[in-house]
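This report walks through some features of one protein model. It takes salt bridges first, then a helix, then a pocket and a cavity.

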Amino acid sequence: MKRIRIKIKRIILQAAALGTGTVLAISAFSFPAYAKPVWPSDTGIQADAGIVVDEETGTVLFGQNIHLTYAPASITKLLTALVVIENCPSLDETVTFSHDAVYNVESGSGNSLSLEEGDQLSVRDCLYALLLRSSNQAANALAEHVGGSREGFVAMMNEKIRELGCTESNFMNPSGLNDENQYVSAYDMAIIGRAAFANETLLEINSTTSYTLPATIHNPDGLRIGMEHKLLITDDENSSTYYPDAVAGKTGYTSIAGNTLVTYARKGDRGEVAVILKSNQTHYSDTIALLDFGFQRFQNLDASGDLASLFDEAGQLTIDGQTFLQDQLETEGSEMVTVPLEAVLSDAERSLVTGEQMSAGAPDGAVAQVKYTYDDRVVGSYYLVSTVQEPAESDALGQGEMPSEQAADASLPDNQETGAPAEGGGIPLTLLLGAGGVILAAGAVTGIVFLIRRSRKRQEQEAELRRERRRQRLAEIGCSEEEFRRLVEERYGKDT
């Protein structure tokens, strides 16, 4: 019995040793699993709504009530300035202030620049008055000058935001004064802000801290005006309302909108756009909190080196049934990806989207959009644009109606390629080519005609799709096609 106990004890010890060794062996060949960083969210604001986005990628770094709508007040003027600059051939054009431009404003909204009916300023002067001192009179005069009327210009404003992909906003005037049908979401305003600050002319004007206006009726010696956005200006660099990295921006206030603010700031190689809506005097501190949060917690990674992995070993990529070589596609848009500081590019998921799934504003020739997401957030995207030239309609032999045999003869002038004279007994092309050559030539031409017809049909379908989109956008803003065409003709003297 004693021997049995000793044997059992020995077996138990051997099993324990074997188990310990197994654990140690497994541990020796195990690697730690690192989870990707959680998206930062440890910030907040006191305003009703706010957002901060990466200026280059558009990534939403933080948002609060970003899809609810509020009155925008004078941050509207960023959109006004963008539409003016994009549609005015020269900033040196003269703007004449009408009675309506000066006096048809909301009661109590003021006229801090003492502008008067009959005053004349350049478009450039008006833009400085608009963006630095928030002149409602300048907004009205610019709208009349560019749009033919305020109503015509407002149609252009709403057309522009639809082009940018805004779906939660609507504008009724160029100044931002109260109107129950004028509203914007923080998300849409960030889109508008990014587009505005991407315009070099607008950014140059909006980042200026002071400007001298020329003589007007009530200011015969001219008038020096200064920036109202306090984050951009200071006499004390330690001021709580000064942000040294702020570059440009626009203030706003009405009794209904409260304080609103849009700010563009840049630190190092990154830029950010912050928007505050419906604030009660916390718009500057809220903006600083958002900008600091974005700069301190996020980074941009270059994804351009990731492009080659889209193609197979033969250097080909098939998109919607069409195969492209790598040198047949160009990228358009930023190839940067915005992620938390500790993250790496592989933490973001990449996808290829096409057709209607591509974001609004896709460039001409775009065949796909490369999108990066992080925790279901879009953190970067760019377009793949085809460099393959479509056959021109002028190349359609006989407009696609000529029989293939006739097309083959017509494709070569009498005295070219065959060496035959234009007149006087030239050897027939059919004899030179032989029966097999004729069949091959006819087949080739038939194929070309087929491709041309398919291309033309696709172009017609795309044109009809664009027309339908415009009809939908006009319906959204309550403007008929006839009215829009009339407004454009009045301004530019051409049909749409």
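## Salt bridges

A search of the whole structure, which is a predicted model, finds 11 salt bridges.

| Pair | Closest N and O atoms |
|---|---|
| R150 and D100 | 2.8 Å |
| K267 and D245 | 3.5 Å |
| R350 and D306 | 3.1 Å |

What does each pair join? R150 forms a salt bridge with D100. R150 belongs to helix α6 (residues 150–164) and D100 to helix α3 (residues 99–103), so this pair ties together parts that are 50 residues apart in sequence. With a relative accessibility of 15%, R150 counts as buried, because buried means under 20%. D100, at 32% relative accessibility, counts as partly exposed.

K267 forms a salt bridge with D245. K267 lies in strand β10 (residues 258–267), while D245 sits in the loop between β8 (223–226) and β9 (246–254), so the pair ties together parts that are 22 residues apart in sequence. The relative accessible area of K267 is 38%, and K267 is partly exposed.

R350 forms a salt bridge with D306. Strand β17 (residues 349–353) holds R350, and the loop between β12 (298–302) and β13 (316–319) holds D306, so the pair ties together parts that are 44 residues apart in sequence. R350 is partly exposed, at a relative accessible area of 33%.

Salt bridges also link D54, R270 and E272 in a network.

## Helix α6

R150, described above as buried, lies in α6.

Helix α6 is mostly covered, with 12 of its 15 residues buried. Among the buried residues are R150, F153, V154, M156, M157 and I161. The buried residues also include N158, E159, K160 and R162. Just after α6, G165 takes a positive phi of about 100°.

## The second largest pocket

The second largest pocket holds about 520 Å³ of space. Its lining is made up of 28 residues, and S74, S109, S134, N136 and Y253 lie nearest its centre. Which elements each supply at least two residues of this lining? They are α5 (136–147), β9 and α9 (283–297). Strand β9 gives the most, with five residues. By class, the lining of the second largest pocket has 18 polar, six charged and four nonpolar residues.

## The cavity

How many cavities of 30 Å³ or more are there? The count comes to one. The largest cavity has a volume of about 30 Å³. Its lining consists of L131, L132, M227, E228, H229, G249, K250 and T251.

Helix α4 (123–133) and strand β9 each supply at least two residues of the lining of the largest cavity. The largest share, three residues, comes from β9. By class, the lining of the largest cavity has three nonpolar, three polar and two charged residues.

Conventions:
Residues numbered from 1 in each chain as written. Predicted model: local features only at pLDDT ≥ 70, side-chain atom pairs only at ≥ 80, totals over all residues. Heavy atoms only, no water. Salt bridge = Lys/Arg side-chain N within 4 Å of Asp/Glu carboxyl O. Helix = DSSP H or I, 4+ residues; strand = E, 2+ residues; numbered from the N terminus. Buried < 20%, exposed > 50% of the residue type's maximum accessible area, 1.4 Å probe, protein only. 1 Å grid on protein atoms, 1.4 Å probe; cavity = no way out; pocket = protein on both sides within 12 Å on 5 of 7 lines; lining within 4 Å. Points joined across faces, edges and corners; volume = space filled by probe spheres on them. Nonpolar A, V, L, I, M, F, W, Y, C, P; charged D, E, K, R; others polar.
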